[in-house]
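This report describes a predicted model of two protein chains. The sequence and structure are shown first, and the description follows.

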Amino acid sequence: MQYILFLLRRAAHSILVLLGLSIIIFIISRVMPGDPARMALGPYATQEQVAALRQEMGLDLPLWTQYVRYMSNLVQGQFGKSLISERDVRLDLAHHLPATLELIMMTMFWVVVIGIPLGALSAVKKDTAFDNLTRGFSFTAVVIPGFLVGIGFQLLFGYWLDWFPITGRLSPGTVVTQKITGLYLIDALILRDWHLFFDALKHILLPSLALSMAGIGQVIRITRSSMLEIETQDHVQVVRSYGVPNLLVTFKYILKPAFIPTLNILGLLSASLLGNAFLVESVFSWPGVAKYGVNAMLQKDINGLVGVVLLIGLGFLLANLIVDMIIGLLDPRIRLKGEAE
Amino acid sequence: MTLTYKQLLEIKDLTVDFDRFGGKARVLNRVNLAVAKGEKVGVVGETGCGKSVTMKAVMNLLPTRRVTVGGSIFYKGRDLLTLDRFARRQITGKEVVMIFQDPMTSLNPVFTIGQQMEDIIGYNLAGAKRGLRLPKRLRQEAREQAARFLAAVKLADPERILNSYPFQLSGGMRQRVLIALALANQPDLIIADEPGTALDVTTQAQILELMDQLVQERGIALLMITHNLGVVRETTDRVYVMYAGTVVETAATDALFAEPLHPYTKGLLDSVPKLHGQGLSAGIEGSVPDYLQMNPGCRFYPRCPQALPKCEFEPPEPRSISENHMVSCHLIG
């Protein structure tokens, strides 16, 4: 019961944040220098054409009225038409989002399955050659920007070794017979189309690994250091002093509390991944939403921009809500807050 | 294997060195200490004088890297330091258990009391020190035993306690849980590291009284580390006074309080505020010295009000004053 209340509080909090975000992005999109209508129509359009578009977009109205219109559209889930593609922004997003979602999910997968075990092992084998190697790797991984790793991977695995394709989501011959989620890996699993699955996997491997490097490095470090910190705490000494097997002490009594900082990092990571995704998407010609968003920003496509920013914000809040949910499950002090004493 | 032994626990010439940046620190220097069956022994001294390190050496809780342990720790006549890891775990954690200093940090915050007690008691019941999964039957048995001992330490509603997380219990309740945990393993010796110092005075008094009574009833030997002289006087039969990693004096509790011989012991007893007499007590000037730059002679020399010239270079040997009274000081004898 307390847990559900806790989650509801978190969700309500997220909605407030989303509201704040919508206000900020409205202000930014209106005070940005440059005229969106002029940008959309190009330098050869006449003054009248520009004025007509401004009127159509409602940019000639007072700011207050614009805001009311903007909000009422948002509440109905309307973002308007993109000034670049001239399509409904929702269609654009629906078209670009699955690619990025797939990339980020794959990236998080690597971060979790590589970062956490390496960090935990590194803590268990503290000060051994393995630990030193892992730490060296994690520092390097954090420092090198993702797009550079991407280019390195393309050179090594794509150009020299020729193991993996270096651009796009699928090979030219591969077709998706039926779009279900838009995430090709998942669609392929649902359709049991193994050719599609392995082709998509081959394409996503390099970009997702390149994008995951910084996260893996961070997660190794935080998992290692929080396990070492918990290790020295009294309660671990207590279970050790009673002769509970080492393996159980490490993987139950140390790993569970040590997991909480790692989860927090994972939540924050989901935000920075979207930023880094732009560069990696560019390097690998990945048709994702991050690239779409940056184009919208550079070309003053205010409707597209609002759509992308709110979508990313929503994704970030959802990721953190999930993290909070898991932390609540792990940590009774958060889950049962208010019940104590 | 049956061995004849006089003492339950006998620590002989225990030496512990820590490798520090800048040299080896001799943290324990030839410590001798014994506890007989059912006996209650106190160890007193300032913070940082090696009390806890001695107990951790017994419990095998010292880090293995950069630490050298020398001498012997006999338990029922067997030297623990010569046993392998698994043989040693049959003793420490089962026959010898330790109650830690701070009840607020001694329980894992993300597991219920029941989960922790089941694991600890269950693995001791199983006797097997490997493997990760306890059989259901053992887990059930461990839980029943846990509930019994929670009742023994006068906690109402053991079932509720077992289902609680540590943060839902008060400090005094947590301390009781830790005592129940220690008793549940049916040990022969309990090492208590300043039990209750983190609690308020009235709770501490209740806890100490309870522990004393439970230990007495079961004939368990108690080795109590503390800097509280009042506690020592009330609960123990014999006392060891430690200073900077050495035992400076040991005697029956009454004898030590009646006639302290070592200047450090005198200072320690003097530092207790008294109801009669004027002003605050004298105490001892200074603090425990740096272990990297220890005086080669008597370790108390730099702070000793009665130091002799030879104290600076010649370490004093322990000397028997009477049957139970030993002191290491050049002033005596």
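Strand S9 (residues 238-243) and strand S10 (residues 246-252) of chain B run antiparallel and are joined by 6 bridges. Within this pair, B:Arg238 stands opposite B:Ala252 in S10(B). Strands, as runs of DSSP state E, have at least two residues, helices are DSSP runs of H or I with at least four residues, and both are numbered from the N terminus. Two strands are said to pair if DSSP finds at least two bridges between them.

S9(B) and S10(B) belong to an open sheet of 8 strands in chain B, with the order S6-S7-S8-S3-S9-S10-S12-S11 and mixed pairing. S6 and strand S11 (319-320) of chain B stand at the edges; each has a single partner strand, so one side of each is left without a neighbour in the sheet. H1(B) packs on this sheet, where it touches strand S3 (40-44), S6, strand S7 (189-193), strand S8 (221-226) and S9 of chain B. The direction of H1(B) makes about 145° with that of S8(B). H6(B) lies across S6 and S7 of chain B and runs at about 175° to S6(B). For these angles, axes are lines fitted to C-alpha atoms, for helices over the stretch in contact, and the angles run from 0 to 180 degrees between N-to-C directions.

## The antiparallel sheet of chain B

Chain B also has an open sheet of 4 strands in the order S2-S1-S4-S5, with antiparallel pairing. Its edge strands are strand S2 (23-35) and strand S5 (78-79) of chain B, each of which pairs on one side only. H1(B) packs on this sheet too, touching strand S1 (9-20), S2 and S4 of chain B, and its direction makes about 105° with that of S1(B).

S1(B) and S2(B) pair over 9 bridges in the antiparallel sense, and B:Leu14 has B:Val31 in S2(B) as its bridge partner. The two strands form a hairpin with 2 residues between them, and B:Gly22 in the turn has a positive phi of about 100°. S1(B) also pairs with S4(B), again antiparallel, over 8 bridges; here B:Glu10 stands opposite B:Phe74 in S4(B). Strand S4 (residues 67-75) of chain B and S5(B) are joined over 2 antiparallel bridges, with B:Arg78 in S5(B) as the bridge partner of B:Tyr75.

## Chain A

Chain A contains 14 helices and 0 strands. The C-alpha trace of chain A spans about 85 × 60 × 40 Å along its principal axes.

## The interface between the chains

In the interface, 37 residues of chain B are in contact (heavy atoms within 4.5 Å) with 30 residues of chain A. The two chains bury about 3000 Å² between them, 62% of it on carbon and sulfur atoms. Buried area is the accessible area (1.4 Å probe) that two parts lose on being put together, summed over both.

The interface holds 2 salt bridges, a salt bridge being a side-chain nitrogen of Lys or Arg within 4 Å of a carboxyl oxygen of Asp or Glu. B:Arg65 forms a salt bridge with A:Asp127, and their closest N and O atoms are 3.9 Å apart. There are 8 residue pairs in polar contact between chain B and chain A, with both residues at pLDDT 80 or more. A polar contact is a pair of N or O atoms within 3.5 Å; within protein, one must be able to donate a hydrogen and the other to accept it, and residues adjacent in sequence count only if both atoms are side-chain atoms.

Helix H1 (51-59), helix H2 (85-91), strand S6 (96-99), helix H3 (113-126) and helix H6 (171-184) of chain B each supply at least two residues of the side that touches chain A. H3(B) gives the most to that side, with 6 residues. By class, the side of chain B that touches chain A has 18 nonpolar, 11 polar and 8 charged residues. Here Ala, Val, Leu, Ile, Met, Phe, Trp, Tyr, Cys and Pro count as nonpolar, Asp, Glu, Lys and Arg as charged, and the others, Gly among them, as polar.

## Basis of the values

Residues are numbered from 1 along each chain as its sequence is written, while chains are lettered from A and ligands numbered from 1 in the order in which they are written. In this predicted model, local features need pLDDT of at least 70, side-chain atom pairs count only at pLDDT 80 or more, and totals for chains, interfaces and linings use all residues, while side-chain values use heavy atoms, with hydrogens and water left out.
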